[in-house]
Amino acid sequence: MKVKPAKQSTSTELPKSKDLPMTADAILKDFSHYFGRMLGRRDVNADSPFLYQAVVYAARDRLMERWGKTRDAIETKNNRRVSYLSLEFLMGRLLRNALLNLGIEDETTEALNRIGLDLEDIYEREKDAGLGNGGLGRLAACFLDSCATLALPVMGYGIRYQYGMFHQRIENGHQIEDPDSWLREGFPWEIERIEYTQTIKFGGRSNTYTDMSGTTRYQWVNTHDVLAIPFDVPIPGYENDIVNTLRLWSASATDGFDLEEFNAGSYVDAVASKNAAENISMVLYPNAATENGQELRLRQQYFLASASLQDTIRYWVSQHGDDFGEFAEKNCFQLNDTHPAVAVAELMRLLMDEHGLSWDEAWGITSSTMAYTNHTLLPEALELWPVSMFRGLLPRVLDIIYEINARFIAEISLRWPGDNDRVRRMSLIQEGGDPMLRMAYLAIVGSYSVNGVAALHSKLLREGLFSDFAELWPEKFNNKTNGVTQRRWLAACNRELAELISEKIGSEWTTDLAQLEKLAEFADDPEFQLRWRTIKQSNKSRLAKNIAAKTGLQVSTDTIFDVQVKRIHEYKRQLLNLLHAVHLYDRIRRGDGDDIVPRTIIIGGKAAPGYVMAKDIIKCINNVARVINSDPMMTGKLQLIFYPDYNVSAMELICPAADLSEQISTAGKEASGTGNMKFMMNGALTIGTLDGANVEIREAVGADNFFLFGLTVDQIEAMRGQYDPQAIIEADNDFKRVMDLLDSGHFNRFEAGLMDGITQAIREPADLWMTAADFRSFVDTQKVAAKAYVDTTHWTKMSILNTAASGQFSTDRTMRDYNDDIWHLEPVVLAEE
């Protein structure tokens with residue numbers, strides 16, 4: 001392997017300056033500078049985004065100092081580092097978290113108060129960054145927070161989506177998708193790093209040639225290139241002066257404007273290449289219902305993988321030249337789900353085609369640096385791509401995948417001679433009329449670590465979905481149960497509760513969540529219980545005001561807040577929750593509701609634009625809600641709220657206010673869940689199945705403090721092939737009345753047939769989600785939960801114990817597990833001043 005000498009830097013450093021003060025005086029001075037001089041504004045009483053931007057710039061200056069020192073420390077020590085590739089980073093608002101982690105929230109509050117401004121109002125000016133959709137992206141954001149807090153050198157890589165997911169608007173009960181123009185007023189946190197722009201290839205063809213040593217080499221030629229321009233976002237650790245980086249790639253054309261076409265009057269053609277390139281980073285998860293949508297998603301995945309790998313290699317070459325001898329010792333690429341799996345083949349291409357390594361050298365590096373996290377058991381999310389599409393977009397990458405597969409099949413054949421069925425099952429190519437690439441299998445073959453995200457999920461991966469691979473490489477497979485960051489999901493979003501906790505047990509829990517177990521000794525303390533309940537009521541009042549502003553509906557805080565907020569999907573079973581709401585409605589209408597505990601059911605979430613059934617469920621919920629909420633008989637007893645345009649900021653209001661957390665997915669379908677952890681951490685009690693991390697939550701808090709219902713994974717498997725939902729309905733009078741109401745058109749009097757698809761799905765013997773099978777257990781367990789809520793003292797005790805038991809569900813613990821077992825990083829140590 002030819003080794004080139006490392007390039008010597010010729011840049012000169014700026015003279016060192018003292019760190020900016022963290023006082024209210026200094027913050028006010030910097031705010032005034034940015035508001036007046038940089039942004040050119042004078043009136044601080046005006047309701048404008050410029051107040052928010054000026055505060056961000058003042059905070060960012062302080063982050064910038066620490067950001068530079070963190071980078072210097074990593075480079076000086078030549079630390080091993082992780083590149084964390086994720087198609088989503090659901091960051092939410094960043095200002096509150098930045099001020100909290102810098103330790104200057106009180107000082108910033110004081111500075112703004114001096115000029116008549118309220119920091120809480122400034123917080124509300126910030127838009128949620130449109131960089132993710134659901135749990136996958138929010139988990140990635142929590143991971144970055146914890147890595148910075150633990151001083152682990154981890155760099156996030158994602159895509160800078162122009163429009164994010166979408167804004168959800170409800171019109172006549174239907175979900176309407178509007179563009180999420182989250183960048184319209186700018187994103188003051190980001191720093192454009194145009195000097196690190198990468199070129200991404202698409203199309204073209206593969207060529208072979210013989211190099212000077214007589215070795216056959218490959219070139220990818222006649223390509224249509226796109227530029228990947230990086231924008232960096234600072235990720236501060238909690239009060240430790242560490243600032244890591246999230247690098248987001250924006251797509252741009254190599255030639256954005258064709259003047260010749262423009263002058264010829266072809267105005268559309270003049271910007272055609274610009275538009276085609278920018279589509280890649282335009283929208284998160286384009287609708288894959290069409291071939292064009294599928295192709296765009298594949299472009300996005302390759303764009304992320306190639307840009308991120310090229311960037312890592314660029315840095316390596318700048319420090320070491322083309323000597324890749326220690327590359328694997330110093331680098332790890334963590335693939336957050338299957339979306340970036342193409343990185344396995346792309347790293348091979350870059351090492352061989354661009355840097356002259358042999359196949360064996362490149363494979364040795366690739367298979368020692370790639371680590372794969374699987375987040376789902378659903379086949380739809382395992383990324384199957386038509387070979388024909390892949391060949392048209394990424395011909396050279398496809399060549400490499402076929403070679404990986406050929407060598408892999410040879411390995412299988414040596415281990416299990418003559419087992420052609422096993423070869424067919426494990427091949428990276430799913431043969432047939434239209435052969436498909438199995439990207440999850442590529443990720444497994446190319447990675448040294450494969451992990452699930454909850455104990456049950458990891459068990460099902462090993463014993464079911466990936467059992468052949470686990471038999472071949474048992475040492476690769478491990479579990480890393482998910483978590484959430486307590487800085488955002490308790491300290492920042494539930495300030496009153498955080499202050500009460502710190503008053504009783506100290507503030508160490510912000511970096512050591514296991515400290516919360518000390519709260520258990522106060523669970524029976526009447527005074528502590530009263531303060532706990534008072535804070536919960538205050539949070540419910542905040543949410544009630546927000547719901548009124550969002551929907552026009554007034555909700556009573558004297559009801560149990562029964563909450564299910566998450567992505568709308570059949571396996572998450574918002575439909576089961578709806579059936580329970582109709583059951584309560586039916587009981588009250590029939591005069592059988594005297595013992596019903598007053599309840600406000602809150603459901604929120606977005607459906608993917610192309611997911612017809614999920615959008616039908618949203619429509620169904622809104623129709624039922626309209627009938628329930630307009631019926632005088634329901635007043636003071638039952639309300640059903642569909643919370644529109646659910647996002648991170650909404651969750652920051654909702655989870656502190658929830659009494660009952662609905663985690664009711666079909667057993668064996670939810671990988672982990674993280675909403676369950678956020679609710680638990682804030683004192684909500686869980687009603688749930690033995691699915692995902694629910695299993696570990698129940699073990700942690702104890703069966704007496706968790707409302708368990710439903711079939712287990714084994715029971716569901718035993719029912720397959722003999723499941724008869726109609727018989728279940730007919731045998732249960734309550735269930736039959738619910739279905740009769742849905743069939744009768746009671747909730748859709750002027751929309752004939754609206755509920756037909758929903759009711760047919762419930763009655764379908766092949767229903768994967770077993771909704772009918774769990775109806776009776778769910779209804780009965782809801783009665784148990786309602787009865788428990790009436791006993792205020794005992795319910796408060798259970799609430800306190802849930803928070804006390806949430807310590808193991810911090811991403812700080814999760815990241816330590818990743819680091820101990822997969823990454824093996826040394827914490828960053830900043831240089832002494």
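**View 1. Asp-659 and Lys-540 form a salt bridge in this predicted model.** The closest N and O atoms of Asp-659 and Lys-540 are 2.7 Å apart. This pair links distant parts of the chain, 119 residues apart. To find Asp-659, look in the loop between α25 (648-654) and β21 (660-663). Lys-540 belongs to helix α22, which covers residues 526-551. Is Asp-659 buried or exposed? Asp-659 is buried, and Lys-540 is buried too.

View 2. Let's look at each partner in turn. Asp-595 has a relative accessibility of 58%, so Asp-595 counts as exposed. Arg-587, with a relative accessible area of 8%, is buried.

**View 3. Arg-589 and Asp-631 are joined by a salt bridge between their side chains.** From N to O, the distance is 2.9 Å. Which parts of the chain does this pair tie together? Arg-589 lies in helix α23 (residues 574-589), while Asp-631 lies in the loop between α24 (612-630) and β20 (638-643), so the pair ties together parts that are 42 residues apart in sequence. Arg-589 is partly exposed, with a relative accessible area of 41%. Asp-631 has a relative accessibility of 10%, so Asp-631 counts as buried.

**View 4. A network of salt bridges links several side chains.**

**View 5. Asn-78 has a positive phi although it is not a glycine.** The phi of Asn-78 is about 55 degrees. You can find Asn-78 in the loop between α2 (49-77) and β1 (81-85). Why does Asn-78 count as partly exposed? Its relative accessibility is 27%, and partly exposed residues fall between the buried limit of under 20% and the exposed limit of over 50%.

**View 6. Asp-241 also has a positive phi without being a glycine.** For Asp-241, phi is about 65 degrees. With a relative accessibility of 40%, Asp-241 counts as partly exposed.

Technical notes
Residues numbered from 1 in each chain as written. Predicted model: local features only at pLDDT ≥ 70, side-chain atom pairs only at ≥ 80, totals over all residues. Heavy atoms only, no water. Salt bridge = Lys/Arg side-chain N within 4 Å of Asp/Glu carboxyl O. Helix = DSSP H or I, 4+ residues; strand = E, 2+ residues; numbered from the N terminus. Buried < 20%, exposed > 50% of the residue type's maximum accessible area, 1.4 Å probe, protein only.
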